[in-house]
Amino acid sequence: MESLNDGTAEFDLAVRSVRELNAELHAPSVERYVVRHPRGAHAVAAGVNRPLQVRIDGDVGYYCAGMNQEGLITVDGSAGPGVAENMMSGVVRIRGNASQSAGATAHGGLLIIEGNASTRCGISLKGGDIVVGGEMGAMGAFMAQAGRIVVCGDAGDGLGDSIYEAQIYIRGSVGTLGADCVEKEMRAADRKSLQDLLVQAGMTSQAEDASYLDGFRRYGSARTLYHFTHDHAGSY
Amino acid sequence: MRSPEDRGLRESATFDRAAITAIQAAAATGVYDIRGWGAKRRVPHFDDLLFLGSSMSRYPLEGYRERCDTDVVLGDLHGAEPIHIKIPVTIAGMSFGALSAQAKEALGRGASKVGTATTTGDGGMTEEERGHSDKLIYQLLPSRYGMNPDHLRAADALEVVLGQGAKPGGGGMLLGQKISERVAEMRTLPAGIDQRSACRHPDWTGPDDLTIKINELREITDWTKPIFVKIGASRPYYDVKLAVAAGADVVVLDGMQGGTAATQEVFIEHVGIPILAALPQAVQALQELGMHRRVQLVASGGIRHGADVAKALAMGADAVSIGTAALIALGDNDPKYAEEYEKLGSAAGYYDDFQDGRDPAGITTQDPYLAARLDPVEAGDRLANYLRVLTLEAQTLARACGKSHLLNLEPEDMVSLTVEAAAMSRIPLAGTSWIPGAETRGAE
């Protein structure tokens with residue numbers, strides 16, 4: 001590991017292992033890291049549990065920033081499946097695209113995907129926030145329980161299927177809505193919530209652009225499937 | 001008044017009283033039956049095996065004199081800190097939510113008293129459970145309710161749950177009457193709704209992904225925690241091979257008699273295979289990989305007494321796990337609540353409405369009044385007693401077979417009582433050397 005002049009440590013995955021990287025991040029000697037040559041490795045910066053700044057210079061494989069707690073992790077590239085899965089807190093930013101199940105079951109924190117997110121983004125979300133700059137694939141927010149998902153582009157089929165109390169904001173078109181997911185009124189508080197998320201994601205100019213915000217529609221649970229009845233047989 | 005039998009009336013074997021009641025209930029409500037417990041139908045089981053004991057060609061060990069050890073090490077294959085249990089019986093995963101906090105505490109107390117492990121369940125880790133369990137296995141389930149990396153680190157082992165014997169291929173279910181404020185908060189759900197747990201994991205599908213997932217869990221916990229993989233018994237030959245290839249330290253195999261807190265009756269009774277049929281397939285898979293006894297195998301589903309423990313180990317398991325029996329030991333189905341069971345439309349010994357939240361014994365409930373009936377200390381003592389008896393019984397049988405450790409039991413110590421059991425268990429029919437299907441058996 002090489003120390004740069006500004007107190008940042010450089011960690012080169014071309015010569016050292018992911019195990020060594022994560023061991024360092026779990027018992028850090030500095031507060032800022034740059035990770036070189038990730039080359040699609042899995043579990044890069046998984047299990048960070050303190051407010052470290054980690055910048056990953058390239059594409060990562062599965063479960064980058066998995067179960068992140070407090071870490072500020074940026075991927076200057078694209079991410080494989082399950083990026084920031086079960087995140088508890090902190091911020092994870094993907095400059096490129098994210099594969100399926102991005103932010104799955106995240107309990108807290110903010111996941112920003114500047115490009116597109118694939119299928120099952122925000123599946124079973126439990127309180128975390130996700131902002132997608134581009135488009136989101138099918139089955140987004142499946143069974144999402146709490147938290148917010150913002151998609152600045154289009155969303156694919158089956159949006160919010162079997163959703164609980166999570167909130168979804170989509171600026172583009174929606175393929176189809178999943179079971180029990182409905183469009184809801186955009187109230188002032190919702191608009192403010194959306195605006196705040198865009199600011200947190202660094203999209204300040206869009207957040208201050210009323211016409212940009214006007215393009216969003218809000219989706220959530222119709223709450224018709226919260227209790228089993230015999231009428232549900234055809235609902236799924 | 002004379003009973004129907006005394007009057008010469010014939011009950012249909014096909015449309016028996018339970019079947020008729022089920023049809024009537026379906027017609028009246030339009031909703032299928034959801035219940036707890038495991039399969040209640042008769043299936044080939046350990047009852048269909050017998051130990052031969054010793055004779056001229058086998059020397060027994062002296063009961064009460066000569067040692068018969070019972071300790072087992074779980075999860076030492078990949079360099080993690082393994083779990084050392086003093087008896088080969090662990091407590092299966094049962095959630096806070098399905099069970100009261102008092103019941104979870106009692107399970108931890110009882111297990112700890114005899115030096116064994118307990119397991120969390122589909123609802124996260126509670127303080128009561130961690131605080132009173134010397135050895136705690138933390139489950140990673142499809143729902144990820146309450147999943148917390150701090151709890152991963154606080155656990156003694158991690159168990160990736162692919163399924164359970166009561167419902168291979170099915171997700172969890174917790175009906176609204178059990179979603180108290182605390183349960184709701186732990187699961188991030190509105191209180192009082194009927195909660196559906198996913199049947200598939202949200203961030204991986206298939207064995208190749210599981211390999212990567214297990215690697216992530218190891219990375220997060222710095223490779224210190226053994227990884228268990230739990231499968232419901234359906235295709236164990238393949239599932240065990242894939243679990244081992246994915247990096248499991250321990251495989252937990254749950255037969256169809258394994259319990260559940262709430263599942264459709266049709267699922268419980270009609271999906272999955274008995275542990276008797278599953279266990280030999282799992283052992284064969286491990287043996288072919290050269291991993292038998294290196295990747296430990298924990299069998300569950302219908303373990304009731306020390307004979308079941310001994311038979312499972314003799315068939316090749318390294319340990320067993322108990323759920324339903326542990327609840328009974330705590331006080332479930334206690335005759336002292338007979339009147340209350342009657343009021344609920346059930347009876348002591350029959351009560352299986354664990355989904356309902358009105359358990360008179362205070363175990364499968366979130367009702368504070370009912371839950372307070374269970375004294376965790378006394379219930380823990382009962383469980384510890386029961387676990388001691390299981391162990392003593394298994395030792396008795398092992399000594400009779402001349403074994404100085406329970407893990408020295410082997411298939412050759414047993415015979416099958418029925419043709420079906422011989423075919424499933426691959427243990428010869430008593431008085432013969434016949435194992436139906438043995439001559440044609442290949443990969444399952």
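This is a predicted model: local features need pLDDT of at least 70, side-chain atom pairs count only at pLDDT 80 or more; totals for chains, interfaces and linings use all residues.
The contact between the chains draws on 37 residues of chain A and 21 residues of chain B. On the chain A side, helix 1 (18-26) and strand 8 (126-132) each supply at least two residues. Helix 1 of chain A gives the most to this side, with five residues. Sorted by class, the side of chain A that touches chain B holds 16 nonpolar, 16 polar and five charged residues.

Two packed helices are described by the angle between their axes and the distance between the axes. For helix 7 (residues 236-245) and helix 9 (residues 275-288) of chain B, the angle is about 40 degrees and the axes are 8 Å apart. The two helices of chain B are therefore oblique to each other, and their crossing is right-handed. Helix 7 of chain B contributes Pro236(B), Tyr237(B), Val240(B) and Lys241(B) to the contact, while helix 9 of chain B brings Ala278(B), Gln281(B), Ala282(B), Gln284(B), Ala285(B) and Leu286(B). By class, these contact residues comprise seven nonpolar, two polar and one charged.

Back in chain A, two backbone sites deserve a mention. Most residues other than glycine have a negative phi. Ala43(A), however, has a positive phi near 60 degrees. The loop between strand 5 (72-75) and strand 6 (91-94) of chain A holds Asn86(A). With 29 other C-beta atoms within 10 Å, Asn86(A) is buried.

Methods
Residues are numbered from 1 along each chain as its sequence is written. Chains are lettered from A and ligands numbered from 1 in the order in which they are written. Two residues are in contact if their C-beta atoms, placed from the backbone, lie within 7 Å. Helices (H or I, at least four residues) and strands (E, at least two) are DSSP runs, numbered from the N terminus. Ala, Val, Leu, Ile, Met, Phe, Trp, Tyr, Cys and Pro count as nonpolar, Asp, Glu, Lys and Arg as charged, and the others, Gly among them, as polar. Axes are lines fitted to C-alpha atoms, for helices over the stretch in contact, and angles run from 0 to 180 degrees between N-to-C directions. Angles under 35 degrees count as roughly parallel, over 145 as roughly antiparallel, 65 to 115 as roughly perpendicular and the rest as oblique. A crossing is left-handed if the near helix is turned anticlockwise from the far one by less than a right angle, and right-handed if clockwise. A residue is buried if 20 or more other C-beta atoms lie within 10 Å of its own, exposed if 12 or fewer, and partly exposed in between; C-beta atoms are placed from the backbone.
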